[in-house]
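Me: I have a structure open and I want to learn how to read it. Can we go through it feature by feature?

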Amino acid sequence: MNQINIKVNGEPFTVSKDESLETLLLSYQVNLNSVALVRGGQVVPKTLWAITPCEADDEIELFGVVAGG
Amino acid sequence: MSLNDEQFIHYSRQILLPELGEYGQTALMSAHVAIVGIGGLGNLCAQYLAAAGVGRLTLIDGDSVEVSNLPRQLIFAARDSGKNKAKVCADKLRAVYADCDLIAADCFIDNANASLLLKDASLVLDCSDNFETRQLINLCCVRDSIPSVIASAVHFSGQLLTVDLVRYPQGGCYHCLFPCELKVSQRCSTTGVLGPMVGVMASMQALQAIKHIAKITPNAGELLRFDGLSMVTRHATLARDPSCAVCHTKVKERTDESN
């Protein structure tokens with residue numbers, strides 16, 4: 001089984017086993033400089049995306065920075 | 001610092017809270033909070049903190065009041081148009097809250113003046129309206145070891161986090177979450193925002209500030225995101241970026257000191 005099921009912003013998504021968060025974002029067609037990432041309720045800093053693999057049933061949240069006030 | 005009888009009655013509803021008590025009220029009265037940006041978030045935070053008895057507030061903003069501010073910047077009136085926001089806000093609060101020493105800085109924070117403007121502050125509230133200023137405030141707060149409560153609101157989205165590298169170094173700083181190369185797509189001036197949306201975030205920011213000063217529950221290390229359309233709040237645990245260009249050295253220094 002080389003595919004695992006995860007959720008990205010609540011939507012089901014399938015990725016290859018051991019695919020990194022960075023590869024996931026690229027296949028999700030997200031600009032790496034446009035979002036922050038939370039996995040399972042924990043922020044994953046951007047510098048760790050390339051070395052952090054996706055795991056089965058991961059719940060990933062992607063969101064942009066809100067800077068106004 | 002101790003409370004006199006008059007102050008005890010004035011702040012009795014706060015002191016009644018077992019989590020705050022006389023200790024928390026005294027801590028508020030000894031605190032010096034710098035608020036950067038006296039727009040939608042900042043003018044409400046300033047009102048709440050002055051009313052709660054914070055001893056000293058430094059209000060920082062180089063901007064002037066415009067009529068388009070009035071639906072969400074409730075301390076200002078049409079007759080204040082053209083006047084500096086920090087000065088108007090400080091003047092109005094000074095007339096009402098005698099326990100609060102109000103300082104107005106009618107300039108924008110920048111690299112050259114930041115350390116002086118934030119000098120002696122025990123807490124900084126980032127109420128600014130753009131990403132570049134937020135990065136600068138974070139940089140200065142990390143460098144000078146000042147904790148910060150950061151809030152933002154645009155459209156129907158709000159974000160809130162507290163950075164305190166002394167109490168909660170594992171949560172990292174603003175740059176760990178939002179590195180400076182990040183692109184920002186929305187601004188209040190181009191996307192729009194409702195008064196109560198900013199008000200929700202400002203209220204939560206002021207609440208976090210009071211809790212932080214009074215040492216009520218650890219609130220650093222968490223990101224809160226509020227969606228004003230669905231009314232859903234999401235929480236996430238912050239994580240320090242081990243190679244963060246802003247806080248890496250500071251956290252390492254502190255770790256080395258404590259070892």
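Reply: Start with a cut-off. A residue counts as buried when its relative accessible area is under 20%. Keep in mind that this is a predicted model.

Me: What share of the residues in chain B is buried?
Reply: Of the 259 residues in chain B, 54% are buried.

Me: How many helices and strands does chain B have?
Reply: Chain B has 11 helices and 8 strands. Its radius of gyration is 18 Å, close to the 18 Å from the globule rule for 259 residues, so chain B is as compact as a globular protein of that length. Along the principal axes, its C-alpha atoms fill a box of roughly 45 × 45 × 40 Å.

Me: What do the contacts say about sequence separation in chain B?
Reply: Take the contacts with a separation of 6 or more. In chain B, 67% of them join residues 24 or more positions apart.

Me: Now the inside. Which residues of the largest nonpolar core touch the most other members?
Reply: That core has 46 residues, and the ones touching the most other members are Val33(B), Ile35(B), Leu49(B), Leu57(B), Leu59(B) and Leu125(B). Helix 10 of chain B, residues 195-213, gives the most to this core, with 8 residues. There is also a second, separate core of 25 residues, which includes Leu161(B), Tyr174(B), Leu182(B) and Leu238(B).

Me: What does Leu125(B) touch?
Reply: Leave out residues up to four places away in sequence. Leu125(B) then touches Val33(B), Ala34(B), Ile35(B), Val36(B), Cys45(B), Leu49(B), Val149(B), Gln205(B) and Ala209(B).

Me: How do I read a helix?
Reply: Start with the general idea. An α-helix has 3.6 residues a turn, so residues three or four places apart point the same way. Now look at helix 3 of chain B, residues 21-30. It is mostly covered, with 7 of its 10 residues buried. Those are Gly21(B), Gly24(B), Gln25(B), Thr26(B), Ala27(B), Leu28(B) and Met29(B).

Me: What covers the buried residues of helix 3 of chain B?
Reply: The cover includes helix 1 (5-10), helix 2 (12-15), helix 4 (40-52) and helix 10, which belong to chain B.

Me: Let me try a single residue. Is Thr133(B) buried or exposed?
Reply: Thr133(B) lies in helix 7 of chain B. Its relative accessibility is 17%, under the 20% limit, so Thr133(B) counts as buried. Not counting residues up to four places away in sequence, Thr133(B) touches Ile109(B) and Ser128(B). From Thr133(B) to Cys176(B) is 43 residues in sequence and 16 Å in space, C-alpha to C-alpha.

Me: How should I read backbone angles?
Reply: Most residues other than glycine have a negative phi. Look for exceptions. His155(B) is not a glycine, yet it has a positive phi of about 55°. His155(B) sits in the loop between strand 5 and strand 6 of chain B. It is partly exposed, at 33% relative accessible area. Lys215(B) also has a positive phi of about 55° and is not a glycine. Lys215(B) is in the loop between helix 10 and strand 7 of chain B. With a relative accessible area of 53%, Lys215(B) is exposed.

How values were computed: Residues are numbered from 1 along each chain as its sequence is written. Chains are lettered from A and ligands numbered from 1 in the order in which they are written. This is a predicted model: local features need pLDDT of at least 70, side-chain atom pairs count only at pLDDT 80 or more; totals for chains, interfaces and linings use all residues. Side-chain values use heavy atoms; hydrogens and water are left out. A nonpolar core is a set of buried Ala, Val, Leu, Ile, Met, Phe, Trp, Tyr and Cys residues joined through side-chain atoms within 4.5 Å. Buried means under 20% relative accessible area, exposed over 50%, partly exposed in between (1.4 Å probe, protein chains only). Helices (H or I, at least four residues) and strands (E, at least two) are DSSP runs, numbered from the N terminus. Contact means heavy atoms within 4.5 Å. The radius of gyration is taken over C-alpha atoms; the globule rule is 2.2 Å times the number of residues to the power 0.38.
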